[in-house]
Amino acid sequence: MSVNGSHPLKITRTQLSDGRELLFFDDSPKALSGEVTRNTEDHRGLPETHTDSEMRRDPLTGRWVVFAAHRMNRTFLPPANENPLAPTKEGALPTEVPAEDYDVVVFENRFPSFSLHMDVPEDYADYADEGELVPRRPARARCEVVCFAPNPSVSFKDLSEHRIRTIIEVWAHRTAALSTIDGVQTVFPFENRGEEIGVTLQHPHGQIYSYPFLPPRISDIMCQIERTPTLFEDMLNSELADGRRIVTETESFVAFVPAAAKWPLEVMVMPRRQVADFTELNDTEKDELTGLLKSLYTAVDNFFDGVEKTPYIAAWNQAPVQHPDRDKFRMHLQLFSLMRSPHRMKFLASSESAMGVWINDTTPEIIAETLRKVW
């Protein structure tokens, strides 16, 4: 276990019965003082985890596609008494978390897109086709689940600021750890909220993917940085000078709707200084970000009239782990919703899905104005 001095955390590591790692991040006074001890033994007797994830590069676009057939049978909207992310209670079905209660918990995904639990044969075929146009590789990296709280009925916005601050520390801790995995190029913390987005478990949780390649968005940004090294500084200064799309500001962060927003609801949170990822945020910035996120997620849920829980994707863009221009990338939150009006979703049809050309049904200025009204 270890303790973080600025925001005290007790970190306890264990293994689930199939060999996956699990970490408890305790932030409560009783846990920190040693009054609470964690049951860390998983009694389910699961078979050793094993996956055969692979990735193939599309010769037409040069982009990697990941294949993880074992995910077809993953848990889908289980009843409340079968929630795999809840604490394990006496007399109830055992869950992924072998404890009667927890603060924040992180564990390796049971149905991962990328995995380190695989056996790669010596005669592994490097190409998927006879003409050797389609390279293939084992999808070796790690996917983690981050449970924000034991209560299945709350959302991120309902968490206390103390708990949100803990989650920021967890994102920093896991970014540092996953960045050390051989071959990992990007670490991506994110949260999906809402059945409309495709969420299969309603428990308040996020995920962290590590990628063994640069995802298209990060790759595109790095290409833009190569042309304009001061890209992020220029973008933020331009938005601040314009002002119409600024939602709110703190001493260290700016929340704004990007001028080229693709989604009916989209907002970006960016630090004022150059920060590559969560590991480079200082304590003051983490404290500020805590309050900002609490307010932002509340505003998002108030955005549409008559919608209690806005479906959203919260995507933390972080700098590539090793890249010559890593120090020019500025971490940022890209929070967006596919809902275009109350209870009506934007579908990615021919232009978006086939050609990659987005057509937005509103304007960034209207989005920003609405967010300011409900802030």
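Which residues of helix α7 (residues 364-374) are buried? In this predicted model, they are Pro-364, Ile-367, Ala-368 and Leu-371, where buried means under 20% relative accessible area, exposed over 50% and partly exposed in between, with a 1.4 Å probe and protein chains only. These residues cover an arc of only 95 degrees around the axis, so they lie on the same side of α7; the arc is that of the directions from the helix axis to the C-beta atoms. An α-helix has 3.6 residues a turn, so residues three or four places apart point the same way. The buried residues of α7 pack against β10 (246-249), β12 (265-271) and α5. Helices (H or I, at least four residues) and strands (E, at least two) are DSSP runs numbered from the N terminus.

The model is predicted: local features need pLDDT of at least 70, side-chain atom pairs count only at pLDDT 80 or more, and totals for chains, interfaces and linings use all residues. Residues are numbered from 1 along each chain as its sequence is written, and side-chain values use heavy atoms, with hydrogens and water left out.

Helix α5 (residues 283-301) has 19 residues, which at 1.5 Å a residue should span 27 Å; the end C-alpha atoms are 28 Å apart, which agrees. The expected span is 1.5 Å times one less than the number of residues. At the start of α5, a side-chain oxygen of Asn-282 comes to within 3.2 Å of the backbone nitrogen of Thr-284. A polar contact is a pair of N or O atoms within 3.5 Å; within protein, one must be able to donate a hydrogen and the other to accept it, and residues adjacent in sequence count only if both atoms are side-chain atoms. Buried residues of α5 include Leu-289, Leu-292, Leu-293, Leu-296 and Val-300.

Leu-293 and Phe-156 touch the most other members of the largest nonpolar core, which has 72 residues. Such a core is a set of buried Ala, Val, Leu, Ile, Met, Phe, Trp, Tyr and Cys residues joined through side-chain atoms within 4.5 Å. Leaving out residues up to four places away in sequence, Leu-293 touches Phe-156, Ile-164, Ile-168, Trp-171, Trp-316 and Leu-333. Another core, of 14 residues, lies apart from it and has Met-222, Phe-232, Leu-236 and Val-254 among its members.

An unreviewed UniProt entry lists His-205 under "active site"; UniProt positions are in the numbering used here, feature names are shortened, and annotations may be inferred rather than shown by experiment. His-205 is in strand β9 (residues 205-211) and counts as buried, at 12% relative accessibility. Beyond neighbours within four places in sequence, His-205 is in contact (heavy atoms within 4.5 Å) with Leu-85, Val-145, Val-146, Cys-147, Phe-148 and Glu-191. A polar atom of the His-205 side chain lies 2.5 Å from the backbone oxygen of His-203.

Glu-132 has a positive phi of about 55 degrees and is placed in the loop between β5 (104-108) and β6 (136-138), where Glu-132 is exposed, with a relative accessible area of 51%. For His-343, phi is positive at about 65 degrees; the residue is in the loop between β15 (339-341) and β16 (344-345) and is exposed at 60% relative accessibility. Most residues other than glycine have a negative phi.
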